[in-house]
Protein chains: 2
Amino acid sequence: MAESARAFVPGHVTAFFSVHRHEDPARAGSRGAGITLSDGVSVTVEPAPETQIVIDAEPTRIEPVERVLEPLAATARVTVESALPIGAGFGVSGAAALGTAIATNRGFECGRSENELVRIAHVAEVNSGTGLGDVVAQARGGVPIRLDPGAPDHGRLDGVPETGRIEYVSFGDLSTAAVISGDTDHLSAAGESALADLRARPTLSRLFALGREFAREADLLVPEVTEVIEAVTDAGGEATMAMLGRTVVARGSGLSEAGYDPDACRIHPAGATVRTDR
Amino acid sequence: MAESARAFVPGHVTAFFSVHRHEDPARAGSRGAGITLSDGVSVTVEPAPETQIVIDAEPTRIEPVERVLEPLAATARVTVESALPIGAGFGVSGAAALGTAIATNRGFECGRSENELVRIAHVAEVNSGTGLGDVVAQARGGVPIRLDPGAPDHGRLDGVPETGRIEYVSFGDLSTAAVISGDTDHLSAAGESALADLRARPTLSRLFALGREFAREADLLVPEVTEVIEAVTDAGGEATMAMLGRTVVARGSGLSEAGYDPDACRIHPAGATVRTDR
């Protein structure tokens, strides 16, 4: 009965966040805000005699993907195609988990609701230590504000009602696991303060400004990122750092106008969706 | 400072619902489920010396739109362009209200969040008696399940994780105000029962089947709608009635295959969004 199915999940760049641990992974997560991107991750799930995960034709292991297949009782070949660099702050692991949940539900006729699939992917990501807030943001689309941490029924979201072009450059990874498993008290205080400021005036311009302040406050800036953000600001644009990666995102043509050769996409209006030809 | 701005809101067809009254309009609403459509409503808001609402170049009055401008303290010319017939169960009044909220927030720099704008439009629609659940569904996109009634912070949503082509034919209006202001106990019991059934197995096929059952149970069927639904069923397709209008929606090419000449669109993956050229 099971058949092949496909899902698309937008990328997600967090501008600032605070860490909220909880023994129940569905209640653990982060508060904060970020931007979902029309560049994202496509996931194809096909029934197979044993589970195999493939990125760019290479067999690999993605723990959150394995942890999604388990509660859905699916044995499958999962093919992940990412338009975005991996480990660089674009939420690719969360996207792979959520895309696997949605495509598996379709292909294996699991009969789960969207909230249930988001919960499964969020729990898989939290238990793998690979992320705290990407999945719920990627399920929503737009410019998500994570008001309360956790999966649907626990977490609560709002959004900044804006859209537009986004540019990005990436110099590689920062370890999410190393940062979020360490002492996050100072980081979380900075994230909470930024969230209160954004809620008082939820605009994209303020989100970028608060992201820059958070990166500095939380001591997460790396020299190459600082240099690019300053160059964009000097050219009259707005940029911030992707949490967590050596990545800079800019509004509009901010990076091009500062002389860089960025990738470009748009704020994605929709959350993750199943893809179908019908 | 204020400038012109534009928003797009998907159409929304409710398959079944129950009525939930409350003295606080942000807590009033409906539970139920429906489908958002890529055919929808575009709203342009321009600063003007006095408020004027225009549909298809004709000045008109749309009470929910007026009730949205008031809390945003905006005096504007509002131009509503609808790809969908008005009053026929496509949520055009909710779309006009929500589109006005989003475009006004952008053009007049009101600095509200998405949840706040949805609340303003939902309250406007409830207070006008023109609808109970379209606005929150249209803000979400996809195939929304309204688990709990009301605006964000009160209402709670889930979704059916499916997409695809939708066809529709319409024979005109049924009065939403007349139905939802009358005795709705029997209707609501049928709606609650359908919701429980859908939550147990949230698929599009079940949503259509439950919609047909609800229309019959709630005694809302009209002869021309019954005839078309039966023709689609006989041709092997799936169709249901739009609540509340003399309108039939079908999955895939169900109406074409039954010999009708329908309009066609898709399930819309995204909620309402501001439109920008940047």
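Mentor: Please bear in mind that this is a predicted model. We may begin with the contacts in chain A between residues at least 6 apart in sequence: 76% of them join residues at least 24 apart.

Trainee: How many helices and strands does chain A have?

Mentor: Chain A has 9 helices and 12 strands. Its radius of gyration is 18 Å, close to the 19 Å that the globule rule gives for 278 residues, so chain A is as compact as a globular protein of that length. Along the principal axes, its C-alpha atoms fill a box of roughly 60 × 40 × 30 Å.

Trainee: And what percentage of chain A is buried?

Mentor: Of the 278 residues in chain A, 57% are buried. The chain exposes about 10,700 Å², and carbon and sulfur atoms supply 44% of that area.

Trainee: What about charges: how many positive and negative side chains are there in chain A?

Mentor: There are 24 positive and 39 negative side chains in chain A. The centres of the two sets lie 6 Å apart.

Trainee: Changing topic, what rotation superposes chain A on chain B?

Mentor: A rotation of 180 degrees does so, with 0.0 Å of shift along its axis and an RMSD of 0.0 Å. The two copies are therefore related as by a two-fold rotation axis.

Trainee: Which residue of chain A comes closest to the rotation axis?

Mentor: That is A:A270, whose C-alpha lies at 2.1 Å from the axis.

Definitions and conventions: Residues are numbered from 1 along each chain as its sequence is written. Chains are lettered from A and ligands numbered from 1 in the order in which they are written. This is a predicted model: local features need pLDDT of at least 70, side-chain atom pairs count only at pLDDT 80 or more; totals for chains, interfaces and linings use all residues. Side-chain values use heavy atoms; hydrogens and water are left out. Copies are superposed by least squares on the C-alpha atoms of residues with pLDDT of at least 70 in both. Helices (H or I, at least four residues) and strands (E, at least two) are DSSP runs, numbered from the N terminus. The radius of gyration is taken over C-alpha atoms; the globule rule is 2.2 Å times the number of residues to the power 0.38. Buried means under 20% relative accessible area, exposed over 50%, partly exposed in between (1.4 Å probe, protein chains only). Contact means heavy atoms within 4.5 Å. Accessible areas come from the Shrake-Rupley method with a 1.4 Å probe; for residues, only the protein chains shown count as cover. Lys and Arg count as positive and Asp and Glu as negative; His and the chain ends are not counted. The place of a charge is taken as NZ of Lys, CZ of Arg, CG of Asp or CD of Glu.
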